[in-house]
Protein chains: 2
Amino acid sequence: MASKDRILRLKEETRINILDASLQIVKEDGWQALSMRKIADVIEYTAPIIYEYFSNKEAILLELTRKGFLILARDMKSAKEKHRLPAKQLEAMWLAYWHFAFAEKELYQVMFGVDVNCCELCEIMPEAEVPYTLISEVIEELMSPKKPTEDEVSVKYYTFWSVIHGLISINMVRRPTSDEITQEVLKTAISGIIRSIND
Amino acid sequence: MASKDRILRLKEETRINILDASLQIVKEDGWQALSMRKIADVIEYTAPIIYEYFSNKEAILLELTRKGFLILARDMKSAKEKHRLPAKQLEAMWLAYWHFAFAEKELYQVMFGVDVNCCELCEIMPEAEVPYTLISEVIEELMSPKKPTEDEVSVKYYTFWSVIHGLISINMVRRPTSDEITQEVLKTAISGIIRSIND
DNA sequence: ACATTTGCTTAACGGTGTTAAATTATTTAA
DNA sequence: TTAAATAATTTAACACCGTTAAGCAAATGT
């Protein structure tokens, strides 16, 4: 019967509506504002019908995560295809990754669990700047022959922090990588940046 | 009156009890399990008295964040003092940072907003492995003269990912750094790692 | 002894995710 | 066409959440 098809198509449509509504709410008011009742409001149903399409709220987040990975993969593939040299391909893919993170900020957040609460943290909590100060002093000392500007020191600081924080996030979020690999990444990263400081 | 002092001391004590109880709950069942009523249970009071010590739940998280930064600063300082060469000091401080993140995992999480939900994500969602595959293939090609093992490719992959993901996290969580700095960090990081691939 | 303050609890409000029951609408069968 | 069966949707409810207001009981000051 064709009517079965039509109904299935409608069902698939509301499934997508639920995902779209979720993303819309998150884009407007952030992840913490996402609730089943608000989703229901947007799709003009009541909350319980959502459970006919997703077994719970977590399943919605998971589906958005999958959506994110699909878009990311597509973007990275197309970036790769624009080059032939492996080095260029790598750069293009990572830049695509970077752009995806900000173009689809909300998806990236649910994919990798970055929350955005603490933007003005340093203003209300001076202690949060101590690590920055400690490290920057040493970086400046290390660069002192060149009399670096504060911005140049910042560049090095953020590179360091990115590597370490990135490694930590990844090791916390994913299944733990082998210790040897992690330690090697850590050491080579640190010494690599230190070496690069006086380039 | 000395009794005033005693009472103030008791008040300070329950303040600390609240923070300790919070951390205990989080260590046992994760951040998402932390609730005012559960804190009250642990300190053997009812929920509303917590508001005599903290204006709301967010304030408790903020205080734990501060606690984290204090410990981190202490650890980094003492690591620095163990060395005289700036390069050694840097390495020691970042290793201290690293160790802090795992020794005080819960504090690090509330400080930088890393959530830990998706440990087995790759098992239940194959799409999550596509970016890894894409990049690894190119890295392997780039290293091909050396016939690298899968572990060696992983090292490079995770270094890349750490840098990019770390930069993204930082740019999302903190007030936005100037675009020029960010772009320079990105480019130098990427080309640095690419260069290092055939060391 | 009475009044006042303090410490704490109970009760409540509006919100959350989720489930079960009741209701309405649609399709099927006689 | 009408009755029975099935599907679609809502209402009601449960147990929890953060938070606030009202109430009570004990300690304190006068």
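**DNA contacts and helix packing**

In this predicted model, a polar backbone atom of Lys57(A) sits 2.9 Å from a phosphate oxygen of DNA strand C. The side chain of Tyr51(A) places a polar atom 2.9 Å from a phosphate oxygen of DNA strand C, and a polar backbone atom of Met36(A) comes to 2.8 Å from a phosphate oxygen of DNA strand C.

Of the atoms of DNA strand C that come within 4 Å of the protein, 50% belong to sugar and phosphate. The biggest share of the surface near DNA strand C comes from helix H2 of chain A (residues 36–43), which puts in three residues. Sorted by class, that surface holds seven nonpolar, three polar and four charged residues.

DNA strand D is surrounded by 15 residues, the closest being Thr46(A) from chain A and Met36(B), Arg37(B), Tyr51(B) and Lys57(B) from chain B. Sugar and phosphate again make up 50% of the atoms of DNA strand D found within 4 Å of the protein. Here helix H2 of chain B (residues 36–43) is the top contributor to the nearby surface, with three residues. The class breakdown of the surface near DNA strand D is seven nonpolar, three polar and five charged residues.

As for individual polar contacts to DNA strand D, a polar backbone atom of Lys57(B) is 2.8 Å from a phosphate oxygen, and an N or O atom in the side chain of Tyr51(B) is 2.9 Å from a phosphate oxygen. A base is reached from chain A: a polar side-chain atom of Arg37(A) lies 3.5 Å from a base nitrogen of DNA strand D.

Turning to how the helices pack, helix H3 (residues 57–81) and helix H4 (residues 86–103) of chain A have axes 8 Å apart and pack at about 145°. The two cross in a right-handed sense. On the H3(A) side, the contact is built from Gly68(A), Ile71(A), Leu72(A), Asp75(A), Met76(A), Ala79(A) and Lys80(A), while H4(A) brings Gln89(A), Ala92(A), Met93(A), Ala96(A), Tyr97(A) and Phe100(A). Between H3(A) and H4(A), that gives nine nonpolar, two polar and two charged residues.

In chain B, the axes of helix H3 (residues 57–81) and helix H4 (residues 86–103) come within 8 Å and cross at roughly 145°. This crossing of H3(B) and H4(B) is right-handed. H3(B) uses Gly68(B), Ile71(B), Leu72(B), Asp75(B), Met76(B), Ala79(B) and Lys80(B) to meet Gln89(B), Ala92(B), Met93(B), Ala96(B), Tyr97(B) and Phe100(B) of H4(B). The tally for the contact of H3(B) with H4(B) is nine nonpolar, two polar and two charged residues.

H4(B) also packs against helix H5 of chain B (residues 105–112), their axes coming within 5 Å and crossing at roughly 105°. H4(B) and H5(B) are therefore roughly perpendicular to each other. Tyr97(B), Phe100(B), Ala101(B), Phe102(B) and Ala103(B) form the H4(B) side of this contact, and Lys105(B), Leu107(B), Tyr108(B), Met111(B) and Phe112(B) form the H5(B) side. The contact of H4(B) with H5(B) has nine nonpolar residues, no polar ones and one charged. Tyr97(B) and Phe100(B) take part in the contact with H3(B) and in the contact with H5(B).

Key:
Residues are numbered from 1 along each chain as its sequence is written. Chains are lettered from A and ligands numbered from 1 in the order in which they are written. This is a predicted model: local features need pLDDT of at least 70, side-chain atom pairs count only at pLDDT 80 or more; totals for chains, interfaces and linings use all residues. Side-chain values use heavy atoms; hydrogens and water are left out. A residue is near a molecule or strand if one of its heavy atoms lies within 4 Å of it. A polar contact is a pair of N or O atoms within 3.5 Å; within protein, one must be able to donate a hydrogen and the other to accept it, and residues adjacent in sequence count only if both atoms are side-chain atoms. Helices (H or I, at least four residues) and strands (E, at least two) are DSSP runs, numbered from the N terminus. Ala, Val, Leu, Ile, Met, Phe, Trp, Tyr, Cys and Pro count as nonpolar, Asp, Glu, Lys and Arg as charged, and the others, Gly among them, as polar. Axes are lines fitted to C-alpha atoms, for helices over the stretch in contact, and angles run from 0 to 180 degrees between N-to-C directions. A crossing is left-handed if the near helix is turned anticlockwise from the far one by less than a right angle, and right-handed if clockwise. Contact means heavy atoms within 4.5 Å. Angles under 35 degrees count as roughly parallel, over 145 as roughly antiparallel, 65 to 115 as roughly perpendicular and the rest as oblique.
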